[in-house]
Amino acid sequence: MKKVLLTLTALCTLTGLLAQPKLTKDNIDEVLAAMTLQEKATLLVGGARAAIVNGVTSGVAAEVPGAAGNTRPIERLGITGSVLADGPAGLRINPTRANDSKTYYATGFPVGTLLASSWDTEMVEEMTQAMGNEVLEYGVDVLLAPGMNIHRNPLCGRNFEYFSEDPLLSGKMAAAYVRGIQRNGVGTSIKHYALNNQETNRSENDARVSQRALREIYLKNFEIAVKESDPWTVMSSYNQLNGEYTQQKFDLLTTVLRDEWGFKGIVMTDWGNKAGTVKSAKAGNDLMEPGNQNEIDRIIAGVEDGTISREELDRNVRNMLEYIVRTPHFKHYKYSNKPDLKAHAAVARKAAGEAIVLLRNENKTLPLAGGEKVALYGVSSVDFVAGGTGSGNVNKAYVVTMEEAMTKAGFQLDPKLAAFYREHKAYDKATRELTAGTGWSTWGGSKLAETVIPAPAINQEAKDNDVAVVVIGRNAGEGADRRMMDDFELTAVERALLQNVSAAYHALGKKVVVILNIGGVIETNSWKNLVDAILLPWSPGQEGANAVADILLGKINPSGKLPMTFPINFMDHPSSANFPYNYTGQPNRRGVRTPLKDIDYTDYAEGIWVGYRHFVTRGVEVSYPFGFGLSYTTFTYSKPAVKAVADGFEATVTVTNSGSVAGREVVELYVSAPAGGLEKPTRELKAFAKTKLLAPGESQVLTMKVSAYELASFNEAASAWETAAGPYTLGFGASATDIRTTALFKLKAAQKWPVHNVLAPETK
Ligand code: BGC
């Protein structure tokens with residue numbers, strides 16, 4: 001039998017070699033037929049030309065140094081190679097090259113969480129259009145972005161790359177992001193599909209999730225992105241899902257993604273070589289990244305021993321060929337290596353300005369008048385966190401710090417304090433250079449620790465200045481989760497700083513403003529009342545500090561709103577009971593041991609009760625609710641109008657600026673389902689819209705459309721999406737707990753959309 005197979009293979013190879021068509025977008029079948037088994041296997045495996053393993057570049061020199069990976073060319077058939085690079089806060093490539101005096105910086109745009117805080121899909125699309133231009137002009141074919149895992153828990157180390165705790169907001173943001181990038185004729189890779197909701201042991205962790213939570217929370221955002229933006233590629237995650245690696249799960253990669261949602265692009269693995277290459281290919285992974293020779297050999301062996309059929313192989317190869325013909329490399333695009341970084345810096349600044357969230361503003365502390373004497377506290381004022389670490393880091397030419405931005409904005413910064421922090425930064429940099437290695441933890445830089453300012457000094461500064469601005473910073477990134485202590489919670493030094501500054505300035509009737517330069521949610525409830533104003537710019541990119549200064553001055557009126565809940569206590573999140581919140585390091589993968597809870601497996605025991613779905617439904621008090629954000633003006637909402645349309649309803653509400661300065665408002669449409677049937681959250685976000693800049697007294701009609709399918713919940717027993725008939729309450733909110741006006745929509749007949757009964761947890 002084996003002999004016959006070998007002869008067959010040899011024959012195929014021979015016919016393959018005889019036929020030499022050159023690939024065009026119209027002869028994919030012909031090229032496929034001409035390919036040898038070796039060539040087919042080669043096309044399914046990346047070339048590792050620029051693999052980054054734990055921050056270190058390895059492999060053959062890349063055409064675009066610092067790009068994460070590539071696909072291999074097959075010159076005989078005119079199959080060009082392609083280049084893949086991270087994402088998501090901009091293009092991650094090396095800024096300098098050997099024997100080349102030119103630089104290759106990319107723009108550091110705001111992180112995903114800040115983009116989601118804008119609730120402005122048009123702005124995101126515009127911004128990523130500029131980002132995509134850098135992808136194209138630096139010779140890259142696919143940006144490995146956006147990152148879109150759900151913020152299941154505040155401590156996931158990569159939350160900053162991701163959008164939200166809510167699947168609708170996350171899905172809409174991802175779709176806008178993808179459309180903007182792909183308008184340049186380059187691709188995206190929505191990632192990490194799916195359930196990469198923790199970094200601890202991310203390549204092995206088994207996420208154990210119910211079918212309902214999967215469908216409604218963790219896959220829903222991917223479903224929206226696939227259906228609304230046609231991403232060229234999807235990146236399967238490292239972790240397991242209900243007992244099997246996601247990259248080897250046919251039901252996830254083919255049944256749901258392709259058969260149910262209609263995905264037409266390629267699926268690539270995240271950057272890990274798992275031994276089960278053949279299983280991955282069978283499951284619907286078209287491309288193994290970063291790729292190595294073993295994987296090519298395994299695929300060939302798999303075909304020869306029948307583990308993977310020729311039809312399965314050809315399905316993947318065809319997907320790859322269809323991908324290749326879309327790429328700039330295939331079209332021989334002459335990239336310039338000269339994107340307009342200046343113009344893009346302005347785009348990044350504008351994006352941050354539309355998204356920064358004002359959390360607190362007692363007695364109209366902000367905006368400041370301008371020109372004040374400011375005592376600027378916190379090491380992050382000189383060591384500003386523009387983005388996170390790991391593959392989400394961007395090699396940008398510069399990062400504007402709060403010190404620079406505020407000085408430029410005309411504030412008079414306390415010179416002694418500024419000098420102190422700058423010295424501290426220089427000292428820390430010098431000691432770090434002496435002691436640090438080049439490993440993972442320094443990939444993209446880490447954060448300075450806060451330093452003590454003695455209380456007597458603070459008392460003096462309070463006398464010398466008009467106002468205090470305190471910057472609290474956090475940095476996180478790929479490969480590790482954040483911790484509950486000294487990260488979610490303030491450190492003792494930070495707490496003392498806030499207490500001492502507030503006491504000293506308030507004693508003299510002066511104000512204290514806090515800027516949260518963070519990548520993930522921190523504890524705010526215990527200290528927020530100490531201070532007068534809190535601004536949340538997250539990690540807003542290289543120009544973000546300028547946007548913060550614009551808001552401090554009132555040049556921009558903040559209009560961002562939270563894409564997740566700020567709880568009072570970390571443990572208030574139901575997922576916290578099943579999250580490695582104080583685990584340090586990574587487990588030894590090779591050791592044989594009893595599987596560890598939250599490390600080797602994670603029970604998503606909270607089911608669909610993620611974020612506000614839990615807090616609102618169960619009436620758990622929070623520090624700041626989902627969807628919350630203040631403005632320098634106020635808005636009123638008219639009585640809404642609702643009309644039934646063919647497949648759902650259309651609601652309109654008129655928003656009027658009732659205050660005295662121009663501003664923008666986000667309206668969040670929450671829907672409460674009729675009683676009976678499946679247990680549902682009190683309300684769920686089903687649509688949102690943002691006004692243009694409204695002058696005082698000006699109004700705008702916002703229209704939001706929701707289909708019956710979008711109202712559905714997942715019934716595991718029937719393996720179907722179901723929308724019950726009856727009255728739906730539509731709540732038009734300024735946050736999840738601030739519903740300004742409501743309306744009723746009556747759905748006449750129940751509707752049902754059966755889907756495959758797949759991805760169920762293992763029964764043990
Ligand atoms: C990350 C991906 C990234 C890839 C390539 C992986 O470790 O999880 O998000 O795109 O590396 O750098």
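In this predicted model, the side chain of Ser-672 reaches the backbone oxygen of Thr-682 at 2.8 Å, which falls under the polar contact rule (a pair of N or O atoms within 3.5 Å; within protein, one must be able to donate a hydrogen and the other to accept it, and residues adjacent in sequence count only if both atoms are side-chain atoms). Ser-672 belongs to strand β26, residues 666-672; helices (H or I, at least four residues) and strands (E, at least two) are DSSP runs, numbered from the N terminus. Leaving aside residues up to four places away in sequence, Ser-672 touches Thr-682, Arg-683, Pro-727, Tyr-728 and Thr-729, where contact means heavy atoms within 4.5 Å.

A word on the basis of these values. The model is predicted, so local features need pLDDT of at least 70 and side-chain atom pairs count only at pLDDT 80 or more, while totals for chains, interfaces and linings use all residues. Residues are numbered from 1 along each chain as its sequence is written, and side-chain values use heavy atoms, with hydrogens and water left out.

I turn now to the domains. The domain assignment, which is automatic or from a database, gives domain 1 as 352-562 and domain 2 as 633-754. Taken over C-alpha atoms, their centres are 36 Å apart. Four residues of domain 1 are in contact with 11 residues of domain 2. The area buried between domain 1 and domain 2 is about 530 Å², with carbon and sulfur atoms giving 34% of it; buried area is the accessible area (1.4 Å probe) that two parts lose on being put together, summed over both.

Which three residues supply 83% of the area that domain 1 buries against domain 2? They are Asn-557, Ser-559 and Lys-561.

Across this interface the rule finds three salt bridges, a salt bridge being a side-chain nitrogen of Lys or Arg within 4 Å of a carboxyl oxygen of Asp or Glu. Lys-561 and Glu-665 meet in a salt bridge through their side chains, at 3.3 Å from N to O. Between domain 1 and domain 2 there are also seven residue pairs in polar contact, both residues at pLDDT 80 or more.

Next, the salt bridges of the structure, which holds 44. Asp-120 pairs with Arg-664, the closest N and O atoms being 2.9 Å apart. This pair links distant parts of the chain, 544 residues apart: Asp-120 is in the loop between α4 (112-118) and α5 (121-137), and Arg-664 is in the loop between β25 (648-657) and β26. Are Asp-120 and Arg-664 buried or exposed? Both are buried, that is, under 20% relative accessible area, where exposed is over 50% and partly exposed lies in between (1.4 Å probe, protein chains only).

Glu-260 and Arg-215 form another salt bridge, with the closest N and O atoms 2.6 Å apart. Glu-260 lies in helix α9 (residues 250-260) and Arg-215 in helix α7 (residues 211-218), 45 residues apart. Glu-260 and Arg-215 are buried.

The side chains of Lys-752 and Glu-722 form a salt bridge at 3.7 Å, N to O. Because Lys-752 lies in strand β33 (residues 751-754) and Glu-722 in strand β30 (residues 720-723), the pair ties together parts that are 30 residues apart in sequence. Lys-752 is exposed, with a relative accessible area of 51%, whereas Glu-722 is partly exposed at 22% relative accessibility.
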